[in-house]
Amino acid sequence: MLTMKDIVREGHESLRIKATKVNLPATEEEKELLTKMLQFIKNSQDEEMIEKYDLRSGVGLAAPQLGISKRMIAVHFSDHNERLYSYGLFNPRIISHSVEQTYLPGGEGCLSVDRDVPGIVPRYARITVKATTLEGEDIKLRLKGYAAVVFQHEIDHLNGVMFYDHIDKNDPMTPPDNAVSVD
Ligand SMILES: OCN(O)CCCc1ccccc1
Ligand code: NI
């Protein structure tokens, strides 16, 4: 099983390069890795597993955070309407997005960042994502609010972008003008 020792931290090259598309159908090895990524995220939300393996909780994980520069992400969380998003995805990409922006009022964190970085992280308020699931089906997801934020954070990792790259250095705590906060 994956634990925190498998997660690379700031300074590791894989967090700052563009990850490589996965040739589909994925190999058994790639499917096994994505399965382990999804299991890690679920474990990181289980009190006993957190205690036993000293896990930091996360709602998503991208393969570059394991030092593997492949376009693979896992997410497991419920949004504010209690809709569960639990996916292992190959080659996720944003095919369209709103002009309007959103943000988490408390800012963001990252399992690859062992420090607090305060500040508003502007995100597109609504995005449409296409990807191929662990099971091999092509899906299209229309996301808004918290789900839109999580998916953008993960897809950023595939492009060598960290959440704090989006924080305004001169005015970190002021939300952008055309932004609505995630409730
Ligand atoms: O890349 C995954 N990650 O580092 C875990 C935390 C993910 C995350 C945290 C705050 C807002 C959106 C997503
Ligand atoms: Ni992250």
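Seven bridges join strand 6 to strand 7 (residues 138–144), and the two strands run antiparallel; strands are DSSP runs of E with at least two residues, helices are runs of H or I with at least four, and both are numbered from the N terminus. Two strands are taken to pair if DSSP finds at least two bridges between them. The model is a predicted one, in which local features need pLDDT of at least 70 and side-chain atom pairs count only at pLDDT 80 or more, while totals for chains, interfaces and linings use all residues. Residues are numbered from 1 along each chain as its sequence is written, chains are lettered from A and ligands numbered from 1 in the order in which they are written, and side-chain values use heavy atoms, with hydrogens and water left out.

Strand 6 (residues 126–133) is largely enclosed by the rest of the structure, because six of its eight residues are buried (under 20% relative accessible area; exposed is over 50% and partly exposed in between, with a 1.4 Å probe and protein chains only).

The shell around ligand 1 consists of Val 59, Gly 60, Gln 65, Leu 104, Glu 108, Gly 109, Cys 110, Leu 111, Val 150, His 153, Glu 154 and His 157, a residue being included if one of its heavy atoms lies within 4 Å. By class, five of these residues are nonpolar, five polar and two charged; Ala, Val, Leu, Ile, Met, Phe, Trp, Tyr, Cys and Pro count as nonpolar, Asp, Glu, Lys and Arg as charged, and the others, Gly among them, as polar. Helix 3 (residues 145–158) gives the most to the shell, with four residues.

Polar contacts are pairs of N or O atoms within 3.5 Å; within protein, one atom must be able to donate a hydrogen and the other to accept it, and residues adjacent in sequence count only if both atoms are side-chain atoms. A polar side-chain atom of Gln 65 lies 2.8 Å from an oxygen atom of ligand 1, and a backbone N or O atom of Leu 111 lies 2.8 Å from an oxygen atom of the ligand. For an N or O atom in the side chain of His 153, the distance to a ligand oxygen atom is 3.1 Å. The protein covers 92% of the 360 Å² of accessible area that ligand 1 has on its own (Shrake-Rupley method, 1.4 Å probe; for residues, only the protein chains shown count as cover).

Glu 108 lies in the loop between strand 4 (101–103) and strand 5 (123–124) and is buried, with a relative accessible area of 11%. Its side chain makes polar contacts with the side chains of Arg 123 at 2.7 Å and His 153 at 3.0 Å.

Five aromatic pairs are found in the whole structure (ring centres of Phe, Tyr and the six-membered ring of Trp within 6.5 Å; planes under 30 degrees apart are stacked, over 60 edge-to-face and the rest tilted). Phe 77 and Phe 151 form an edge-to-face pair, at 6.4 Å centre to centre and 70° between the planes.
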